[in-house]
Amino acid sequence: MSKRLDYNQIAPAGVKALGGVYGYVLQSGLSSVLVDLVYLRISQINNCAYCLDMHTRDLLKKGQKIEKLALLQAWAEAGNLFDERERAALAWAETVTRVADTGVPDDAYQTARAVFEERELVDLTIAIGLMNAYNRLAISFRNTPQAALESLKAA
């Protein structure tokens with residue numbers, strides 16, 4: 001799979017605007033590990049190899065265990081490996097990412113609100129929307145994951 005175009009070069013102002021949202025999420029007060037877990041889960045749902053690679057690396061650098069990352073896709077069955085806030089964030093991320101199928105039902109909202117303050121839930125939803133946008137860019141224009149680039153260099 002080869003890269004189709006470099007959207008960073010073609011639309012730098014648009015990419016910079018997304019970066020501004022990314023910066024906002026970073027300063028929102030949400031745990032960076034929680035946000036990265038959400039980013040990784042969204043990237044799993046969307047099958048974005050570039051983002052899967054990046055967020056896995058980010059979480060490993062932040063000291064997250066490989067076992068937790070390996071079970072992220074099945075977080076609901078992973079027992080206490082994920083805490084209450086992580087489980088609520090992951091459930092919210094899944095229903096918001098799949099909005100066309102779920103319609104984001106009231107029970108999903110009530111479950112998320114039981115764990116997150118209003119501002120936190122808005123900020124989390126902004127993060128979810130941002131990662132979905134990044135996934136769509138990376139998939140549409142075929143960004144190459146770092147792992148694939150590294151394997152080319154090793155060959």
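Colleague: Buried means under 20% relative accessible area, exposed over 50%, and partly exposed in between (1.4 Å probe, protein chains only). Which of these is Phe-141?

Modeller: Phe-141 is partly exposed, at 25% relative accessible area. This is a predicted model: local features need pLDDT of at least 70, side-chain atom pairs need 80 or more, and totals for chains, interfaces and linings use all residues. Residues are numbered from 1 along each chain as its sequence is written, and side-chain values use heavy atoms, without hydrogens or water.

Colleague: How many aromatic pairs turn up?

Modeller: Three, from a search of the whole structure. To pair, rings of Phe, Tyr or Trp (its six-membered ring) need centres within 6.5 Å. One of the pairs is Tyr-7 with Phe-141.

Colleague: Why is the pair of Tyr-7 and Phe-141 called tilted?

Modeller: The ring planes of Tyr-7 and Phe-141 meet at 45°, so the pair is tilted. Under 30 degrees would be stacked, over 60 edge-to-face. The ring centres are 5.9 Å apart.

Colleague: Where do Tyr-7 and Phe-141 sit?

Modeller: Tyr-7 is in helix 1 (residues 7–10), and Phe-141 is in the loop between helix 9 (118–140) and helix 10 (146–154). Helices are DSSP runs (H or I, at least four residues), numbered from the N terminus. The pair therefore ties together parts 134 residues apart in sequence. Tyr-7 has 10% relative accessibility, so Tyr-7 is buried.

Colleague: New topic. At what angle do helix 3 and helix 4 pack?

Modeller: About 155°, with the axes 9 Å apart. Helix 3 covers residues 32–46 and helix 4 covers residues 49–61. So helix 3 runs roughly antiparallel to helix 4 (over 145 degrees).

Colleague: Which residues of helix 4 meet helix 3?

Modeller: Cys-51, Leu-52, His-55, Thr-56, Asp-58 and Leu-59. Their partners in helix 3 include Val-33, Leu-37, Tyr-39 and Leu-40.

Colleague: And what is the angle between helix 4 and helix 9?

Modeller: About 125°, with the axes 8 Å apart. Helix 4 and helix 9 are therefore oblique to each other. Tyr-50, Cys-51 and His-55 of helix 4 make the contact (heavy atoms within 4.5 Å) with Met-131, Asn-135 and Ala-138 of helix 9.

Colleague: One more. Is Trp-75 buried or exposed?

Modeller: Trp-75 is buried, with a relative accessible area of 11%. Trp-75 lies in the loop between helix 5 (66–70) and helix 6 (84–97).

Colleague: What does Trp-75 touch?

Modeller: Arg-41, Phe-82, Arg-87, Leu-90, Ala-91 and Glu-94, leaving out residues up to four places away in sequence. The C-alpha atoms of Trp-75 and Leu-90 are separated by 8.0 Å, and these two residues are 15 residues apart along the chain.

Notes: Helices (H or I, at least four residues) and strands (E, at least two) are DSSP runs, numbered from the N terminus. Axes are lines fitted to C-alpha atoms, for helices over the stretch in contact, and angles run from 0 to 180 degrees between N-to-C directions. Angles under 35 degrees count as roughly parallel, over 145 as roughly antiparallel, 65 to 115 as roughly perpendicular and the rest as oblique.
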